[in-house]
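Please keep the sequence and the three-dimensional view at hand while reading.

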Amino acid sequence: MTGTPASYDSVARYDTLIHRRQTRSVRVGDIWIGSDHPVAVQSMINEDTLDIEGATAGIRRLHEVGCEIVRLTVPSLAHANAVKEIRQRLEDTYQPVPLVADVHHNGMKIALEVAQHVDKVRINPGLFVFDKPDPNRTEFSPEEVSAIGERIAETFEPLVQLLKQEDKALRIGVNHGSLAERMLFSYGDTPLGMVESAMEFIRICDRLDFHNIVVSMKASRAPVMMAAYRMMADRMDAEGFPYPLHLGVTEAGDGDYGRIKSTAGIAPLLAEGLGDTIRVSLTEAPEKEIPVCYSILQSLGLRKTMVEYVACPSCGRTLFNLEEVLHQVRNATAHLTGLDIAVMGCIVNGPGEMADADYGYVGKTPGTISLYRGRDEIRRVPEAEGVAALIALIKEDGRWVDP
Ligand code: SF4
């Protein structure tokens, strides 16, 4: 861009609000996915679905830590039947949990069985009608491409009809790493190939007037998945398919890097308004994924599931042990979901940088801190009484609840 825009307000990139892409609402059990609803958090158990007790416990564990939709893998008919029992057990011993079945290679029969026991079925367009790639092939003739297209439609239609009849949902879950061979010949290993793969299935659904669809475009490299999601959203909007998006980076790994990699892919899309449900895939216990999802959503202001702490990084001006005080403040107030609390090292920059927090704890002079409500300094107290005085202030305001 050159020069200064006539009006800064007209530049979308300068907007401080996230405007979500308008989508349909798709119901998965008692959770809705779409732009009229909070971005939903989901994950997947890693127990074998045949281990009914283990899988039921795994689903419950995830649900108890805030996972709103739980996926499980269904590679055979026996697994599909096990899902029926798992669902029943959840209802008998816990509560219904929105469940998604992952169906893979040539999974038609399995999908038809399991669709009766779950709220959503996920299919991978690259594997749903799967022919082993032929290493000697050099091209696909138009006749071959259309014959495969017909075979896909024929195989896929009964599932679509069943989901429509049962008012259940479908995820068209494209994976960069498993595009169908003819897509690779036509479009290469590209975001466009991913988009075309999804569009083929979307069109079949559309012909059958089925629209409970969520779409994902996962890849293990963040720039690839970001490009694919953006292209998919543009294509769907251009063709009149306002389906919600499920965001995720596959095989992100574990530890800090896995979390950062997932965030690097998911957060920019959410900030652009794309994405209605997310999964952070970590090579760790799935329960560990849920706090990461919520941190991403909270840091973008898309959901508020915990107290927002604003704290300065501390510097030579800091008047108290900031790390320790932040820890104490957090321990005392972490359950007050909805509040923004700032802990700032000094009054030079602290009050100005508290970002409109509800309450502020700011170093005043050595040994003294100031408590703020919004932008107003309310009282000064000795540092040793700071945390107790903050709690007292929140109580006076009627905003305290017991942990
Ligand atoms: S608020 Fe004060 S103590 Fe904290 S980083 Fe800024 S100048 Fe340093």
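**Briefing on the predicted model**

Helix α5 is followed by Asp167, a residue whose phi is positive, near 55 degrees. The structure is a predicted model, and its secondary structure comes to 12 helices and 15 strands.

**Overall form**

- The C-alpha trace spans about 80 × 65 × 35 Å along its principal axes.
- The protein has 403 residues, of which 42% count as buried.

**Helix α5 and the residue after it**

- Helix α5 covers residues 142-165, 24 residues in total. Its first and last C-alpha atoms are 34 Å apart, close to the 34 Å expected at 1.5 Å a residue.
- A bend of about 35 degrees occurs in α5 at Phe156, and Pro158 follows within four residues.
- Phe156 is also one of the buried residues of α5, together with Leu159, Val160 and Leu163.
- Asp167 lies in the loop between α5 and β7. Its positive phi occurs in a residue other than glycine.
- Asp167 is exposed, because 9 other C-beta atoms lie within 10 Å and the cut-off for an exposed residue is 12 or fewer.

**Helix α7 and the residue after it**

- The 17 residues of α7 should span 24 Å at 1.5 Å a residue, and the end C-alpha atoms are 24 Å apart, which agrees.
- Of the 17 residues of α7, 12 are buried, so the helix is largely enclosed by the rest of the structure.
- The buried residues of α7 include Met194, Val195, Ala198, Phe201 and Ile202, and Glu196 is also among them.
- The elements that cover these buried residues include α4, α5, β7, α6 (181-187), β8 and α8 (222-239).
- Just after α7, Asp209 takes a positive phi of about 60 degrees; Asp209 is a residue other than glycine.
- Asp209 lies in the loop between α7 and β8. With 8 C-beta neighbours inside 10 Å, Asp209 counts as exposed.

**Nonpolar cores**

- In soluble globular proteins, nonpolar side chains tend to be buried together.
- The largest nonpolar core has 87 residues, and the members that touch the most others are Ala101, Val114, Val121, Ala198 and Tyr229.
- Ala101 touches Leu72, Val74, Val83, Val114, Val118, Val121 and Arg122, when residues up to four places away in sequence are not counted.
- A second, separate core has 23 residues, including Ala311, Cys312, Ala342 and Met344.

**Surroundings of the ligand**

- Cys312 and Met344 are also among the residues that surround the ligand. Others around the ligand include Cys315, Arg317, Cys346 and Asn349.
- The shell around the ligand divides into 6 nonpolar, 5 polar and 1 charged residues.

**Selected residues**

- Lys218 is found in strand β8, which covers residues 213-218. Lys218 is buried, because 25 other C-beta atoms lie within 10 Å and the cut-off for a buried residue is 20 or more.
- Leaving aside neighbours within four places in sequence, Lys218 is in contact with Asn175, His176, Met225, Gly248, Val249 and Thr250. The C-alpha atoms of Lys218 and Gly248 are separated by 5.8 Å, although the two residues are 30 residues apart along the chain.
- Glu113 is found in helix α3 and is buried, with 22 other C-beta atoms within 10 Å. Apart from neighbours within four places in sequence, Glu113 is in contact with Leu77, Ala80 and Asn81.
- Glu113 and Thr333 are 220 residues apart in sequence, and their C-alpha atoms are 48 Å apart in space.
- Ala285 is found in the loop between β10 (277-278) and α10 (289-299). Ala285 is partly exposed, with 13 other C-beta atoms within 10 Å.
- The C-alpha atoms of Ala285 and Asn46 are separated by 7.9 Å, while the two residues are 239 residues apart along the chain.

Terms used
Residues numbered from 1 in each chain as written. Predicted model: local features only at pLDDT ≥ 70, side-chain atom pairs only at ≥ 80, totals over all residues. Helix = DSSP H or I, 4+ residues; strand = E, 2+ residues; numbered from the N terminus. Expected span 1.5 Å × (residues − 1). Bend = angle between axes of the 7 residues up to and from the residue. Core = buried A, V, L, I, M, F, W, Y, C linked by C-beta atoms within 7 Å. Contact = placed C-beta atoms within 7 Å. Near = placed C-beta within 6 Å. Nonpolar A, V, L, I, M, F, W, Y, C, P; charged D, E, K, R; others polar.
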